[in-house]
Each structure stands twice: as structure tokens, then as C-alpha cells.
Amino acid sequence: MLPVIYSDEFLNHKTGNYHPEKPERLTAIVNALKEAAFAEKIAWREPTPVADKPSLMSLLLQAHSPAYVKKLGEISASGGGYLDGDTPVSPHSYDVALLAVSAWLDGVDIVLAEENPAFVLARPPGHHAESDAGMGFCLFSNAAIAAFYALEQAEIKRVAILDWDVHHGNGTQAIVETHPQIAYCSLHQYPCYPGTGKASEHGYHNNVLNAPLPPGSNISVYRPLLENKLLPFLQNFQPDLLIVSAGYDANAADPLASMNLLPEDYGLFTEYCLGITRKILFGLEGGYDFSSLSQSVLATIERCL
């Protein structure tokens, strides 16, 4: 069985009919999982209500400034608005974003308890959110917060984050690169939004590895980078938990980038990860073509099973 943490509440972060990061992304994935050949092997889990997670706010404030958290709450409470041209906030967005954080924290608990992978099927995504600003569709830095939480558990000394979204996770890197117990590595299209993620960046403790790839890259370009750079980097770090910022927008069918991966390629990515540890928390980031997004999530979960 593979736990998938999901709630219909995640559909209440409304971004508008023409925004790519829309609720229907989750609906498409849920429908595909329920129709999959392995559907009976999915253990659906509801995220813990925010009110029942007393440590959530202190963890949130390890990643984000109090002023930013307050601002986001106020924008939601006032009926919504925009953090930037790409990042809308609706009346329920603040509460939904908090529930997404709770889901990622639940994912850490489940992976550590079962010593097997779990998948957080939540939105809004998080890897672009910086300490004092949301951007790029992202409100809270879910992966970074989950890493901080994991390090509070007695058995966890080191956490690695692998970001395979087509866009560099500028927020995640900025938040975790000062922490010697957290490693961050990213495969991303370059040049591309947000323009960060140079290969010359190594973090404060040699704990960052960026692998920028040119537009048009397919699995034949990704594979040697994974095998010769990213996997050795992760294996040398010896993480007690691997968190994957699982964005699926490097698919050839995706409208927001210019890469040429296929959904089955994410099964290969997953296989590489399982060679490092089975303690893996996958959490949804990008992916905006419903069909390739759904099939890529299925490829990830099927390989875990």
C-alpha cells in the first residue's frame, strides 16, 4: 500500500479559470489514481486539521517571516488579491495553504513510521515561496518546512530535498542552504523562470547542487546528470529522509516550459530515488497538462509499489 494524503479542501484555493495552477490539476490526478490498475493499493489519508497541529505555526515561522504570514492571512481575510502577477490569493487560500503544510508534515510522520514512500497530493505548491514573499504560484515553502519538521524527530540527522520540477526552487534553496543538515539539489530548465539555480551555487555548507539543463532536453540528457552528479551527491550526503519536490512540468506536453520528458521517465527518476532510500516523501509541485501530469504521478507511484 502507498499512502496518498489528499483533501477536497485543496480545491478551495481558487486561482481563476485561466490560471494554470488550478484545482482541476488535483481532480485529474485523483480520477486517474482511482481508475489505475493498482487503485486498491492506494491508502487515501486525510490531512490532520490545522487546529490539531499545534506545532505548525512555529515550524512555518522557521521558514517564513511573521510579517509575510500575517500579510497572506490579511489578503485572504479581505477577500483575496495578488502577491505578484502570477500568484493569486482567494478568500480560502491562507487556510488551504496551512492545510497543505499540515499534509506535508503528516507525510513525514507516515514515511518515518512505515519506512516506505508516501505522496502528498496538495496545493498550492511551495518551492518558489521565499521567506518573506510568495511567488510563482507558491504560498508556503512546503518542502523546506517538512525538512525542518523531520529534523525535530530523534532518528533524523540529515534530510535531502530533490527538486525535479522544471523550474528551479529558488525559495526552497534560499531557505535551507544555510542549514548543514539539509541538502538541496535541483534539475531544472535554464534559462527559465525564475532565473535562479546556477551550477556555481553550492550553499553555505556545500549542501546545494544545481543541474541546469537547456530547453529541449529529454531523458538522454537527464540520465547522465542524474547518474553522475545528483545521485552521487545524494548518496554521499546519506540522508535519513528524502523529500522530493515532485513537479511534472518538464513533460513535453506541458505548456509552461520547453522540455521533452515523457510520463514514464518519472518512473525512472523514482527508481533512482528508491536506490538511495525507501524513506521518501513525494510532494506535488508543478505540472499543468492534466494528462501528462496524471500519468507522471501514476508512473511515480507505480514504481514505488
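Predicted model: local features only at pLDDT ≥ 70, side-chain atom pairs only at ≥ 80, totals over all residues.

Me: Why does serine 186 count as buried?

Reply: Buried means under 20% relative accessible area, exposed over 50% and partly exposed in between, computed with a 1.4 Å probe on protein chains only. Serine 186 has 0% relative accessibility and is therefore buried. Serine 186 lies in strand β7, residues 182-189; strands (E, at least two residues) and helices (H or I, at least four) are DSSP runs numbered from the N terminus.

Me: What does serine 186 touch, leaving out residues up to four places away in sequence?

Reply: Contact means heavy atoms within 4.5 Å. On that basis serine 186 touches Asp163, His168, Gly169, Leu209, Asn210 and Ala211.

Me: What joins the side chains of serine 186 and histidine 188?

Reply: They are joined by a polar contact of 2.8 Å. The term denotes a pair of N or O atoms within 3.5 Å; within protein, one must be able to donate a hydrogen and the other to accept it, and residues adjacent in sequence count only if both atoms are side-chain atoms.

Me: Which accessibility class does glycine 80 fall into, and why?

Reply: Glycine 80 has a relative accessible area of 27%, so this residue is partly exposed. Glycine 80 is in the loop between α3 (66-77) and β3 (81-84). Apart from neighbours within four places in sequence, glycine 80 contacts Ile75, Val89 and Ser90.

Me: Why are α4 and α5 called oblique to each other?

Reply: Two packed helices are described by the angle between their axes and the distance between the axes. Axes are lines fitted to C-alpha atoms, for helices over the stretch in contact, and angles run from 0 to 180 degrees between N-to-C directions. Angles under 35 degrees count as roughly parallel, over 145 as roughly antiparallel, 65 to 115 as roughly perpendicular and the rest as oblique. The axes of α4 (residues 93-114) and α5 (residues 142-151) cross at roughly 40° and come within 9 Å; the two helices are therefore oblique.

Me: Which residues of α4 and α5 make the contact?

Reply: From α4 they are Ala100, Val101, Trp104, Leu105, Val108 and Asp109, and from α5 Asn142, Ala143, Ile145, Ala146, Tyr149 and Ala150. By class there are 10 nonpolar, 1 polar and 1 charged residues, where Ala, Val, Leu, Ile, Met, Phe, Trp, Tyr, Cys and Pro count as nonpolar, Asp, Glu, Lys and Arg as charged, and the others, Gly among them, as polar.

Me: How does α2 pack with α5?

Reply: α2 (residues 56-63) and α5 pack at about 115°, with axes 9 Å apart. Leu59, Leu60, Gln62 and Ala63 of α2 meet Ile145, Phe148 and Tyr149 of α5. This contact has 6 nonpolar, 1 polar and no charged residues.

Me: What makes α8 largely enclosed by the rest of the structure?

Reply: In α8 (residues 265-274), 9 of the 10 residues are buried, so this helix is largely enclosed. Its buried residues pack against β6 (159-163), α7 (219-237), β9 (241-246), β10 (280-284) and α9 (290-304). With α9, α8 packs at about 35°, the axes being 8 Å apart.

Technical notes: Residues numbered from 1 in each chain as written. Heavy atoms only, no water.
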